[in-house]
Amino acid sequence: MDRRKNKVSPILQASACNTSQRSLRAGGFRFGADSPESMTHSQLDLAIMEMMNINPTRTPWQICEGNPITTKGKRLQMAKMLMLTLFPCLVLMGITAGIWGQRIVSYVKTIGQCINVERFVKNLQDERDKSVLYLSEIGRDPRAKQELLSQYPLTDKAYEDLPLWPLRALSSKSHYQSKEAFLAYLNEHRYEFFSQGKTERTELAFYTEHINMFLQWLFSLADGRVATGSVWKEMVAFLHVADAKTKLGTERALGVYYFTKGHFDNAESYLQFIESQDNANTTVASASLYSSLVGQVFHREFLDNKSLADDIKFMRASIVHVENPFEKSNGSLSLARYWFDNLTYQMDVMLHIQQLLCENMIETLRVREKEEVIELGAEGSVFAVALIVCPLIIQAIYTMTSRMHVFSISLADKTKQLNKEKNRTDTLLYQMLPKAVAETLKKNEEVTAEFYESVTIFFSDIVGFTDISASSSPFQVVQMLNSLYSSFDERIGRYDVYKVETIGDAYMVASGLPKRNGNRHSAEIATMSLDLLDHISQLEIPHMPEKKFRLRIGLHTGSVVAGVVGLKMPRYCLFGETVSIASRMESFGSPNKIHLSGTTHAALTEIGGFSMTRREKEIVLGDSMLSMVIKGDISTYWLWDKEGMHRRQAFNSSQQSVDHDNAYSPACSPGPEACHIPDNPFIQRRGSVVICDEN
């Protein structure tokens with residue numbers, strides 16, 4: 001068996017091996033007994049489906065479905081992909097061929113309909129003009145009546161060849177609602193023509209109205225069908241020639257009337273004659289612009305016939321340039337007949353032009369049809385070649401999809417690892433800097449310093465840390481501080497505070513920045529301080545089991561400026577007198593007590609619910625820095641408890657009246673001698689403090 005065909009990815013191998021404890025019977029195969037590379041395709045598919053808890057049973061609607069992870073499933077998916085790609089191509093080719101075929105048939109059909117309508121219009125014009133000629137020669141020339149009667153069957157024959165009847169949409173008159181109604185209406189008029197007295201003017205008006213209606217139908221047939229195709233120029237020229245022929249027919253009828261009577265009855269007939277003549281010439285010139293065939297045939301068959309063209313031109317001039325076309329004079333039947341025959345010849349030339357245009361259009365469509373067949377054949381040949389090379393395409397796509405599948409799994413795993421490491425990095429960064437500041441730095445944007453009008457700062461340190469460090473190893477000191485401040489970090493997470501930093505045994509926390517919280521910052525820090533003091537009373541030093549931690553805590557409320565300092569190791573630092581005063585409050589505090597400044601006491605008093613007492617010793621006057629920066633209330637206070645707070649050690653009210661330790665620090669001895677202030681790594685000490693009177 002070809003091992004390449006049965007090769008599986010390492011991911012599937014590992015997944016299959018992890019399920020080796022489960023048995024799968026498929027033709028005597030036991031899954032736990034063989035390795036994935038020794039399986040057949042069917043066995044491997046069943047093993048993978050067993051691994052993924054997929055039921056191999058299928059419904060009739062799931063025959064073409066497959067698990068894309070297995071070999072068989074991939075093949076089914078590939079087959080569906082090819083079907084989805086090739087089937088639309090076949091359908092598109094069929095639709096394209098059908099559309100072009102229908103379009104060409106529609107073009108040919110429309111051209112045929114236009115020819116039939118135009119033929120009927122031409123016969124209707126001949127019937128009109130012969131009716132006028134008969135009325136002019138009545139009683140004098142029997143040929144006129146015979147010509148008129150012979151024209152009726154020709155008109156009826158052209159009428160029968162008309163296509164569908166759309167005139168009902170163009171007019172609401174009853175005789176336009178069907179072919180039968182119009183034919184009955186026309187026959188009734190023919191009967192009345194011989195039985196009732198008709199005039200030339202009434203006949204001209206009757207036939208001209210219907211001719212214009214059929215011309216409107218002719219233009220609507222070509223509109224939007226052939227005019228937008230490859231023969232639109234010839235069709236426009238055809239319609240212009242038809243319009244010119246109609247104008248010539250009107251001119252022919254009015255000329256017969258004039259030469260028979262010797263004058264026009266009114267100015268309307270005279271103006272209509274001139275307008276028909278001018279419009280016919282203009283329309284023929286316009287048609288020549290769309291098709292050169294019009295101008296060529298018109299010149300060859302009409303204008304080059306000098307004698308005929310000159311006679312028509314002379315007879316037109318005799319009508320147009322007469323001094324008074326309304327003055328009665330003797331008519332001439334011979335001139336009327338001569339005029340009729342000459343204009344009929346010119347109209348026949350126009351009809352011949354229309355026939356040639358139709359032949360050109362049909363020939364163009366046939367050529368276009370052959371070109372479309374050739375194009376479709378070429379497309380079919382390309383498609384057949386694609387089908388021949390389809391196996392190679394399938395193999396290439398299969399290989400590509402397999403590689404993409406393996407790459408996507410690897411990419412997903414790398415992306416997951418990258419996201420995990422990114423989350424770790426972000427978590428570490430957010431522990432060093434506020435989240436908003438960290439996000440700004442990640443965007444390579446400058447972090448500007450920000451002024452906070454009112455925040456509360458917490459300082460604490462371990463009482464006797466120097467002695468503890470002296471009697472401990474460095475490892476024990478680090479382990480002690482790590483365990484202590486890890487528990488602190490967990491406790492302060494319950495409050496709206498921000499841990500600024502720790503240096504040695506000093507711990508600094510602030511509230512009201514970087515996210516402002518109104519006036520709640522003093523209450524948040526005070527509650528947190530009580531919680532930490534209560535929590536540390538239960539902790540023992542790890543390597544000194546009998547000795548417990550003692551904290552000295554100081555709080556102060558005021559304004560600060562916060563910003564990021566440094567490039568290599570940027571730090572979020574606080575600046576201002578508030579930081580120094582808070583540090584002094586801690587330095588002058590006592591073990592296991594919370595020392596407050598006057599501003600913090602005022603803020604907590606405004607909020608309410610806290611138990612505080614004034615410290616008896618006035619420490620501000622004894623410190624040069626504090627005496628310079630603290631104005632107004634120079635008293636400091638002790639924070640003892642908060643209403644509703646469940647502490648492990650109940651608050652002793654006697655503590656309010658008793659000040660156990662020296663007012664300053666255990667490191668200071670009472671008396672007038674100089675006393676060194678305990679070191680605080682957050683501020684730089686300057687000079688010493690002189691203690692005067694204990695009371």
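Q: Why is helix α16 said to be largely enclosed by the rest of the structure?
A: In this predicted model, 16 of the 16 residues of α16 are buried (under 20% relative accessible area, with over 50% called exposed and values in between partly exposed, for a 1.4 Å probe and protein chains only), so α16 is largely enclosed by the rest of the structure. Helices here are DSSP runs of H or I with at least four residues, numbered from the N terminus. Local features need pLDDT of at least 70, side-chain atom pairs count only at pLDDT 80 or more, and totals for chains, interfaces and linings use all residues. Side-chain values use heavy atoms, with hydrogens and water left out, and residues are numbered from 1 along each chain as its sequence is written.

Q: How do you know that the span of α16 agrees with its number of residues?
A: The expected span is 1.5 Å times one less than the number of residues; for the 16 residues of α16 (residues 521–536) this should be 22 Å, and the end C-alpha atoms are 22 Å apart, which agrees.

Q: What makes Phe298 and Phe302 a tilted pair?
A: Rings of Phe, Tyr and Trp (its six-membered ring) pair if their centres lie within 6.5 Å, and planes under 30 degrees apart count as stacked, over 60 as edge-to-face and the rest as tilted. The ring centres of Phe298 and Phe302 are 5.3 Å apart and their planes lie at 35°, so the pair is tilted.

Q: Why is Phe302 called buried?
A: Phe302 has 5% relative accessibility, and therefore counts as buried.

How values were computed: Helix = DSSP H or I, 4+ residues; strand = E, 2+ residues; numbered from the N terminus.
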